[in-house]
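Colleague: I have a model open and some questions about it. Can we go through it piece by piece?
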Amino acid sequence: MKIKNVTVFGSGVLGAQIAFQTAYHGYRVTLFDIKEELLEQAKLKFEQFKQYYQQDLNAAPADLDAAVTRISFTTDLAGSVKDADLTIEAIPESIQIKKDFYKKLSPLAPAKTIFCTNSSTLLPSQFAAETGRPERFLALHFANYLWKNNVAEIMGHDGTDHEIFDQVVQFAKTIGMLTIPIYKEQPGYVMNSLLVPWLIAGLDLYRNGVADAASIDKTWMKTVGADLGPMAMADLVGMTTAYNVTKSYAELTGEEVWEKRRDFLKENFIDKNKLGISTGEGFYTYPNPAYQNADFLK
Ligand code: NAD
């Protein structure tokens with residue numbers, strides 16, 4: 001089946017980016033959200049994306065304008081999927097919201113439609129049954145700022161049809177992604193399976209008073225040749241996300257060490273509104289954080 005019509009559910013942080021990127025690469029996109037005003041906000045985000053695409057990708061203004069003309073907006077779920085070849089769901093990260101959503105969607109979509117979820121922490125098998133078409137359901141996971149962080153992780157569950165998996169890998173390539181096929185379900189995919197332990201290792205060195213934030217980052221940057229170390233990355237990801245990760249691991253494992261990490265982030269960062277780049281302070285102060293100084297590694 002040739003994929004032509006793509007429906008994106010949720011016009012929030014990731015949904016708006018997915019819709020724009022997909023339209024930019026020539027697909028007809030329908031963007032669904034639960035309220036008109038959210039769709040109006042998405043239109044404003046597209047104007048901002050046009051500037052980013054010009055700055056970061058040297059995109060031609062005419063191509064960016066054409067991308068927007070390929071996107072239609074709706075709050076009507078049935079209408080949003082009636083011609084969909086593929087759907088990408090980017091609604092809130094809650095198992096119950098996703099289950100309820102797929103129960104509603106399942107009878108509305110044509111049999112041909114492939115369902116993808118952009119969920120970061122849930123596994124496709126956790127709500128495959130609710131899709132009513134588990135063999136045509138899998139995860140297609142993007143990163144924030146996806147036009148430049150253009151990696152897509154594709155992860156099925158045990159019941160995903162291999163041909164459907166391959167079609168989604170091909171689709172992701174056609175919208176400019178570096179594709180990472182994942183052969184078995186893995187919480188956190190490849191990216192967060194690498195990123196989270198690295199961030200936590202940096203945090204533990206700092207929390208235990210082994211070294212200061214700059215020294216931890218300098219070690220990593222100099223020896224690996226990287227632009228960022230784990231403490232700067234924590235600022236970039238944001239302390240709220242770092243805190244939420246430690247909180248969910250504390251609940252999941254019941255381990256004291258996760259509780260300590262969670263409480264440390266809460267007391268030292270969340271409660272002091274040091275949320276990272278977004279509030280101008282985390283491990284570093286912004287703009288012009290120390291790790292961007294030319295002499296940081298001297
Ligand atoms: P968000 O809160 O910015 O956006 C969610 C959108 O879904 C909102 O516009 C909301 O109105 C809409 N929505 C709420 N309930 C809905 C429903 N029942 N039906 C349809 N739409 C509904 O969230 P986000 O950050 O874009 O995350 C969305 C998904 O993408 C999550 O599964 C998340 O794990 C994943 N994700 C997020 C990031 C990120 O950096 N933010 C990165 C990768 C993956």
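Colleague: Which helix is Glu130 found in?
Modeller: Glu130 is found in helix H6, residues 128–131. Helices (H or I, at least four residues) and strands (E, at least two) are DSSP runs, numbered from the N terminus. This is a predicted model: local features need pLDDT of at least 70, side-chain atom pairs count only at pLDDT 80 or more, and totals for chains, interfaces and linings use all residues. Residues are numbered from 1 along each chain as its sequence is written, and side-chain values use heavy atoms, with hydrogens and water left out.

Colleague: Does Glu130 count as buried or exposed?
Modeller: Glu130 counts as buried because its relative accessibility is 19%. Buried means under 20% relative accessible area, exposed over 50%, and partly exposed in between (1.4 Å probe, protein chains only).

Colleague: What is Glu130 in contact with?
Modeller: Leaving aside neighbours within four places in sequence, Glu130 is in contact with Lys99, Tyr102, Lys103 and Ser106. Contact means heavy atoms within 4.5 Å.

Colleague: And how far apart are the C-alpha atoms of Glu130 and Lys98?
Modeller: They are separated by 8.8 Å, while the two residues are 32 apart along the chain.

Colleague: On to the ligand. Which residues around the ligand come nearest?
Modeller: Leu14, Asp33, Glu93, Lys98 and Ser120 come nearest, out of 21 residues around the ligand. A residue is near a molecule or strand if one of its heavy atoms lies within 4 Å of it.

Colleague: What lies 2.6 Å from an oxygen atom of the ligand?
Modeller: A polar side-chain atom of Asp33 does. A backbone N or O atom of Leu14 lies 2.8 Å from a ligand oxygen, and a polar backbone atom of Gly12 is 3.4 Å from one. A polar contact is a pair of N or O atoms within 3.5 Å; within protein, one must be able to donate a hydrogen and the other to accept it, and residues adjacent in sequence count only if both atoms are side-chain atoms.

Colleague: How much of the ligand's area does the protein bury?
Modeller: The protein buries 76% of the 830 Å² that the ligand exposes when taken alone. Accessible areas come from the Shrake-Rupley method with a 1.4 Å probe; for residues, only the protein chains shown count as cover.

Colleague: Which elements give two or more residues to that shell?
Modeller: H1, helix H5 (95–105) and strand E6 (137–142) do.

Colleague: Where is Thr74, and what is it in contact with?
Modeller: Thr74 is found in strand E3, residues 71–74. Apart from neighbours within four places in sequence, the contacts of Thr74 include Asp33, Phe32 and Ser80. A polar atom of the Thr74 side chain lies 2.9 Å from the backbone nitrogen of Asp76. Thr74 counts as buried because its relative accessibility is 16%.

Colleague: And where does Thr160 lie?
Modeller: Thr160 lies in the loop between strand E7 (151–155) and helix H7 (162–174). Its side chain reaches the backbone nitrogen of His157 at 2.9 Å. Thr160 has a relative accessible area of 7%, so it is buried.

Colleague: Last topic, the backbone. Which peptide bond is cis?
Modeller: The one from Tyr286 to Pro287 is cis, with omega near 0°. Asn288 is not a glycine, yet its phi is positive, near 60°.

Colleague: Is Asn288 buried or exposed?
Modeller: Asn288 is exposed, because its relative accessible area is 63%.
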